[in-house]
Amino acid sequence: VEAVDLIADGKAPRIPQPEEGATYEGIQKKENAEISWDQPAAALHNWIRGHDKVPGAWATVNGQVVTFYGSSLLDASVPAGQELAIKGASRPGLVTKNGLVIFGNDGKMVLVRNLQFEDGKMIPASKYFSADETTALELTEEEKKMAEDIR
């Protein structure tokens with residue numbers, strides 16, 4: 001009751017809290033989440049995982065900001081895949097059937113499962129090179145007849 005009365009009267013002591021020992025991290029901003037490629041694979045994985053979902057760790061790929069989501073360390077031989085140049089990376093990534101494989105400066109690998117483009121479109125990383133392809137719908141003769149009947 002005494003403390004509440006001191007506050008109500010405007011007489012409560014004000015002691016500034018020291019910042020030493022504080023563990024609070026400020027809100028992360030997208031511009032601060034760019035991936036620094038001169039790190040071991042474990043650090044790259046932790047950076048991507050630590051920024052997953054907001055704000056999202058990103059890199060420039062083909063002149064476009066691409067955000068990486070869903071990373072895991074990959075302890076296997078280098079898989080087969082199509083090379084993808086990533087700005088700042090010492091070695092190109094590999095688009096494989098399981099996702100995008102990126103390399104740390106220690107030669108170890110990280111697998112990234114999803115990518116998001118600047119326009120907000122998210123795709124599985126394994127579909128990077130097929131993302132712009134559109135397939136035409138081809139109907140069989142029976143389906144064409146059914147379409148005519150419906151029309």
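I'll start at the end of the chain, with a salt bridge between Glu-148 and Arg-151, whose closest N and O atoms are 2.6 Å apart. Before going further, please keep in mind that this is a predicted model. Glu-148 is partly exposed, with a relative accessible area of 49%. Arg-151 counts as exposed, at 75% relative accessibility.

How many salt bridges does a search of the whole structure find? There are three. Let me go through the other two.

One of them joins the side chains of Lys-144 and Glu-141, at 3.6 Å from N to O. Both residues sit in helix H3, which covers residues 141-150, and they are three residues apart, about one turn of the helix. Lys-144 is partly exposed, at 42% relative accessible area, while Glu-141 counts as exposed at 60%.

Another joins Asp-149 to Lys-145, with the closest N and O atoms 3.3 Å apart. This pair also lies in helix H3, with a spacing of four residues, again about one turn of the helix. Asp-149 counts as exposed at 58% relative accessibility, and Lys-145 counts as exposed at 54%.

Now to the annotated part of the chain. UniProt, in an unreviewed entry, lists residues 29-130 as "domain: Formyl transferase C-terminal". In the model, that span is 10% helix and 38% strand. Its end C-alpha atoms lie 30 Å apart.

Is strand E5 mostly covered or mostly open? It is mostly covered, since five of its five residues are buried, meaning under 20% relative accessible area.

E5 has a pairing partner in E4, which spans residues 93-96. The two strands run antiparallel and share three bridges. A hairpin with two residues in it connects E4 to E5. Within this pairing, Val-95 stands opposite Leu-100 of E5.

E5 also pairs with E6, in the antiparallel sense, over four bridges. Which residue of E6 is the bridge partner of Leu-100? It is Val-112.

Next, helix H2, residues 41-50. Its buried residues are Ala-41, Leu-44, His-45 and Ile-48. Why are they on the same side of H2? Because they cover an arc of only 100° around the axis. What do these buried residues pack against? They pack against strands E1 (57-61) and E2 (64-74), and also against E5 and E6.

The largest has 22 residues. Those with the most contacts inside it are Trp-37, Phe-68, Leu-100, Ile-102, Val-112 and Leu-115. The elements giving two or more residues to this core are H2, E1, E2, E5 and E6. Another core lies apart from it, with five residues, among them Leu-94, Phe-103, Met-109 and Leu-111.

Trp-37 is worth a look on your screen. Setting aside neighbours within four places in sequence, its contacts include Leu-44, Ala-59, Phe-68 and Ile-102.

My last stop is Asn-114, which is found in strand E6, residues 109-116. Is Asn-114 buried or partly exposed? It is partly exposed, with a relative accessible area of 28%. Leaving aside neighbours within four places in sequence, Asn-114 is in contact with Thr-67, Phe-68 and Tyr-69, and also with Met-122, Ile-123, Pro-124 and Ala-125. Finally, the C-alpha atoms of Asn-114 and Tyr-128 are separated by 9.3 Å, with the two residues 14 apart along the chain.

Technical notes. Residues numbered from 1 in each chain as written. Predicted model: local features only at pLDDT ≥ 70, side-chain atom pairs only at ≥ 80, totals over all residues. Heavy atoms only, no water. UniProt positions renumbered as here; feature names shortened; annotations may be inferred. Buried < 20%, exposed > 50% of the residue type's maximum accessible area, 1.4 Å probe, protein only. Contact = heavy atoms within 4.5 Å. Pairing = 2+ DSSP bridges. Arc of directions from axis to C-beta. Core = buried A, V, L, I, M, F, W, Y, C linked by side-chain atoms within 4.5 Å. Salt bridge = Lys/Arg side-chain N within 4 Å of Asp/Glu carboxyl O.
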